[in-house]
Amino acid sequence: MQSSVKPFRLGSQWRTASDGDAVISSINPADGSVAGVVARATPRDVDEAVAIAWDAFRNKPWRKLRPDQRASILYEISRRLKIERESLARLQMLDSGKPWKECLNMVDSASGHFRYYAAVCETWQNEMTSPRGEYFSMALAEPFGVIAAITPWNSPIMNEAQKAAPALAAGNAVLLKPSEETPQLALELVRICMEAGLPEGLLTALPGYGEDVGAALVSHPGVRMVSFTGGTETGRLIARTAGERLIPVGLELGGKSPHIVFEDADLERAVAGVVSGIFGSAGQSCVAGSRLFVQKSIYGRFMKELVTRSQAVRVGLPDDPNTQMGPLVSRTHRDKVAGYVDIARSEGGKVLVGGYAPDEGPLARGWFYMPTVIEGLDNKARAVREEIFGPVLVALPFEDEDDVIAQANDTPYGLAAGMWTANYARAWRVAREIEAGSVWINTYKQSHIATPFGGFKESGIGREKGLHGLRLYTQVKSLYWGMHEKPMEL
Ligand code: NDP
């Protein structure tokens, strides 16, 4: 098995397995087979990687390149990601179990991030501030130096690109720590970046465990900023260490997003939006619309249609073009999701559809779980409050606008929300009251590279994407240029 172990790169060296035979095996969630084996990084590698990254930041032609020169390399990365679209999507499918179409979308999104931040890099304008004396002053966006980017398993390559593209565009050197569940795409991204002309050491992937390599990165004195996407509890831990070290963090954390259907909504579209909002990516999405609120006057009618549509979701193998929902990422995660459904039952919830893992046919070999809709719980139940991160929707009726705003906001999370209504004045009122970083009106889970993304409350700190996404990886330096006619007076 060792001969097929994928190495990771530290500067000009390849690491096959730095700690004896330490490797990480990525398991294909569709059938439990081994999708790939990568050499596992250790905290010792972190020390070396940080030193290499600082050397590259200080001495390699990157941060001092003209922005248009930096941009041309970022464009080239984008182009190469497109060229390798299918093979990267295939690897992603094996690593994560996502259906084929979703995998292609992830690679396209990664490519789009490099294209967008190439454009931002080239067109970025520093600020001239208006003078108050015999000088002029300007505010420059400067890179931090070496930053750590730690990513989860649910959208490999897209999550890594969402951090690496703006951080590199800003002139930083980046140390990527992908999830141990999906380590392969980050290695491919590094290869493509280098083939596109990114100087060695500017981007390093360290496929290791969170509790050792992730923690070592966050506490390393050479790491000046941490960008993290993952669970809220891990985010809290990282923020604590970063707080102690007084370094900035960008945190994209969990969610339990309310999805609201008012009685005046176009019900056909609303049902379709609710179904794709929760069952897309098998619910393994931080913005999954996992708490459904339906106005009482239409509750019965809406739920009947929702059950029919949920039963019709095509659960299948990721490489089947008809598949709408694939497996969950691991057996452990599927057990966690199933455990939440058991908790919901014990709290008095009624499972209207789903609520089991298929145990016959080809799906029995993977970590599948059927689309599940539960009702009869109140807003305090654990299945309503906690992030399940699977294809499980809890439905609650509501009376009116005030009632649904209160229920929707009664959560520690604040990542996203959605609503369906024909009344745009109401949509405006409710959207302004909802405590969430993104609100979708008569649509759901749309995502645009140029639109900022991030959470309120315990869903995060800072914004990725758009111009905010570049600012996250910069610190401001102010320059004063003296224009004195005479020597300065005391
Ligand atoms: P985790 O928080 O468990 O892990 C995320 C990453 O952090 C992984 O690379 C993990 O490594 C690493 N990690 C774990 N412990 C530490 C530590 N002590 N110090 C440093 N790094 C550590 O999340 P999951 O991977 O399970 O991802 C699911 C979560 O991500 C969900 O809660 C979801 O809501 C959230 N998420 C948020 C998004 C957003 O944009 N807001 C987008 C996507 C997901 P390892 O894999 O080895 O454990």
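Modeller: The lining of the second largest pocket divides into nine nonpolar, two polar and three charged residues (nonpolar: Ala, Val, Leu, Ile, Met, Phe, Trp, Tyr, Cys and Pro; charged: Asp, Glu, Lys and Arg; polar: the others, Gly among them). This is a predicted model, where local features need pLDDT of at least 70 and side-chain atom pairs pLDDT 80 or more, while totals for chains, interfaces and linings use all residues. Residues are numbered from 1 along each chain as its sequence is written, and side-chain values use heavy atoms, without hydrogens and water.

Of the 14 lining residues, Arg-70, Asn-126, Ala-141, Pro-143 and Ala-170 lie nearest the centre of the second largest pocket. A pocket is an open set of points on a 1 Å grid over the protein atoms alone, with protein on both sides within 12 Å along at least five of seven lines; lining residues have an atom within 4 Å of a point. The space in this pocket comes to about 310 Å³.

Strand 7 (135–143) and helix 2 (67–83) each supply at least two lining residues. Strand 7 gives the largest share, four residues (DSSP runs: helices H or I, at least four residues; strands E, at least two).

Three bridges join strand 6 to strand 7, and Glu-127 has Ala-139 in strand 7 as its bridge partner.

Definitions and conventions
On a 1 Å grid over the protein atoms alone, a cavity is a set of points where a 1.4 Å probe fits but cannot get out, and a pocket is an open set with protein on both sides within 12 Å along at least five of seven lines; lining residues have an atom within 4 Å of a point. Grid points are joined across faces, edges and corners, and a volume is the space filled by probe spheres set on the points. Two strands pair if DSSP finds at least two bridges between them.
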